[in-house]
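Please read the following explanation alongside the sequence and the model.

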Amino acid sequence: MSERPRMLVLSHVHPFPGASGQQQRVRYTLEAARSLFHVTFLTPAPPGQEDKVRAQIAPFVDAALVLPSLYSRTSASRWRHRAGGVVHALATGEKRTNYDVGTVEFAPSRIAAAVRTADFDIAIFEYWYAARTASVFRSGSVPAVLDMHNILWRALDRQLEGAGMPPSLRRLAVARYRRREEESWGAFDGVVAINREEERYVLGRRLRPRARVFYAPMGVDVDRWPWKWSPVRPVRIGFYGGLGSAENEEGAFRSHRSVMPQVWRHFPDAELWLVGSHPSARLKALTADPRIRVTGFVRDVAEVLSTMTCVVCPWSGTYGFRSRVVEVMSLGVPVVASRDALWGMEIEHGDGVLLADDDETLARLAAGLVSDEALARTLSGEARAVVERLYTVEATYGRWMREVCEWLRERRAGAA
């Protein structure tokens, strides 16, 4: 491995435009990998847009392999695959995405025809949907590594609960999906966990012999998110996240319903800023109260967030990673959050954040923080320090790629 080892990344998620957390994770993974690997990115694109997608991917990789999407090839194919996805979901308990990615776009036979496994030293899969295709690489002695992004059955459980599914049906649906997801981990030579608790969980599951579990949380570009906390008056309390998701919309409503009444009791002119794209009409309706702002998409979101006295994150569910919280902390903005929000993220009460077990306590802590400028200043400095210690791009994706490179050397040495 005197030259750069060659990495293939298979992903239906693109590294652009970078608005979502999953797009940012793919982007930072590619950028970190290129310092050590020759990186090829394999992805589908709508027919006729292959050249456009290839050009958009080019800045992040050494080579792009863009396949014409089979799902969206024609109107008939879309309807056929949509129906196939429904049947697949009913038969297996998986999501339609499993069918779209694993059976249609990244089917084993298609990937085997598209790439020469001998050209690569490692294959990285974004999400587990195409787990069956890992065998294509393993048969050629190329290790396949899964970046889970998060444990998806836990996210599904939260989503179905929020949708009001009866508990008995929800438990059945989650159990079926969980079984398929956890079985898929055994198809890979390595699995990447996004937080420490998920890392511990995966280590306790049945994996392949000699399988490696990597830890790679979501890092942020601290130059793009510099310390710049400058709270203004009237006091601003922020909630930050893509407001089009059901989980974040509920968090925004909880911020209004549970947190602000206590703040308004002491600071009646305080403002609640709901910062994020794609807010619903229900959220926009809150602006009937002039103390509430719903921003929609903001081009320079760091500039807006830096004016907040604090940002609140009332989140339910122990899964995944709150990358938006890390962005806020990088700016030096104090955070008041539920313990679920920072589950597994190695951040403790006082590390730039105040943690609460329930909404009542969260509201009390937020109101107290607004009243205590000295505490807020202390938390601001601590928040930035935690990010610089744990969550820079180098400390997360860069470290992961160095570990992957060393792991490959060890595998080769062991096989010699």
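An open sheet of 7 strands runs in the order β3-β2-β1-β4-β5-β6-β7, with parallel pairing; strands here are DSSP runs of E with at least two residues, helices are runs of H or I with at least four residues, and both are numbered from the N terminus, while two strands pair if DSSP finds at least two bridges between them. The edges are formed by β3 (63-68) and β7 (212-215), each of which pairs on one side only. Ignoring direction, neighbouring strands of this sheet are turned by 20 degrees against each other on average, where the axes are lines fitted to C-alpha atoms, for helices over the stretch in contact, and angles run from 0 to 180 degrees between N-to-C directions. Strand β6 (residues 190-193) runs parallel to β7 and is joined to β7 by 4 bridges, and Gly190 has Arg212 in β7 as its bridge partner.

The model is predicted, so local features need pLDDT of at least 70 and side-chain atom pairs count only at pLDDT 80 or more, whereas totals for chains, interfaces and linings use all residues. Residues are numbered from 1 along each chain as its sequence is written, and side-chain values use heavy atoms, with hydrogens and water left out.

Across the whole structure, a search finds 31 salt bridges, each being a side-chain nitrogen of Lys or Arg within 4 Å of a carboxyl oxygen of Asp or Glu. One of them joins Arg293 and Glu271 at 3.7 Å, N to O. Because Arg293 lies in strand β10 (residues 292-296) and Glu271 in strand β9 (residues 271-275), this pair ties together parts that are 22 residues apart in sequence. Arg293 is partly exposed at 36% relative accessibility, whereas Glu271 is buried at 11%; buried means under 20% relative accessible area, exposed over 50%, and partly exposed in between, with a 1.4 Å probe and protein chains only.

Another salt bridge links Glu403 and Arg399 at 3.2 Å, N to O, and these residues, 4 apart in helix α16 (residues 393-415), are separated by about one helical turn. Elsewhere, salt bridges that share partners join Arg4, Arg34 and Asp62 into one network.
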